[in-house]
Amino acid sequence: SYMNLATYAMPHLEATGGSIGVVTSSAALFPVNAGQGYSASKHALQGFFHSMRLDLRMQNSNISISIVPLGLFGTDSGVKYLHYFPSLAQLIIGEPANAAFAIARATTLHIREYGYPFWSSKGVEFMYMLIPSIMDEISVRSP
């Protein structure tokens, strides 16, 4: 698992000033319908690494942790999710080929958290904080 691997690699990462890139899902940022287990596991993953980051900071460690929640992509499941909102598809669906670049960029530049594509990860998280009831209704109406 991510957690076991990161813990095991700590001595090497500390010696080399390494970085940890955590790839997760936008399901960790806001609730998704019919995805309780999936969403819970992504919340746990983010919680673990956010806490690890604080622990490392308290130890004056030079290890950086970048968390990259991925949003919707132009895959069958991503397109299906936006079936009821086709006008949003161009705005929030990312290109699968750009995901690897986003992960590498965030980890290499030591960016704390980098959502890709922005509007279906961090943008939706922000909207959920502002108007949670409306965002819940949108999720309920999505397939």
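Visitor: Does phenylalanine 48 count as buried, partly exposed or exposed, and at what relative accessibility?

Guide: Phenylalanine 48 has 28% relative accessibility and therefore counts as partly exposed, where buried means under 20% relative accessible area, exposed over 50% and partly exposed in between (1.4 Å probe, protein chains only). The model is predicted, so local features need pLDDT of at least 70 and side-chain atom pairs count only at pLDDT 80 or more, while totals for chains, interfaces and linings use all residues. Residues are numbered from 1 along each chain as its sequence is written, and side-chain values use heavy atoms, with hydrogens and water left out.

A pair of aromatic rings is described by the distance of the centres and the angle of the planes. Rings of Phe, Tyr and Trp (its six-membered ring) pair if their centres lie within 6.5 Å; planes under 30 degrees apart count as stacked, over 60 as edge-to-face and the rest as tilted. By this rule there are two aromatic pairs. In one, the ring centres of tyrosine 2 and phenylalanine 49 are 6.3 Å apart and the planes stand at 85°, so the pair is edge-to-face. Because tyrosine 2 belongs to helix H1 (residues 2-16) and phenylalanine 49 to helix H2 (residues 36-58), this pair ties together parts 47 residues apart in sequence; helices (H or I, at least four residues) are DSSP runs, numbered from the N terminus. Tyrosine 2, at 35% relative accessibility, counts as partly exposed, whereas phenylalanine 49, at 0%, counts as buried. Phenylalanine 49 also forms an edge-to-face pair with phenylalanine 48, at 5.0 Å centre to centre and 85° between the planes.

Methods
Helix = DSSP H or I, 4+ residues; strand = E, 2+ residues; numbered from the N terminus.
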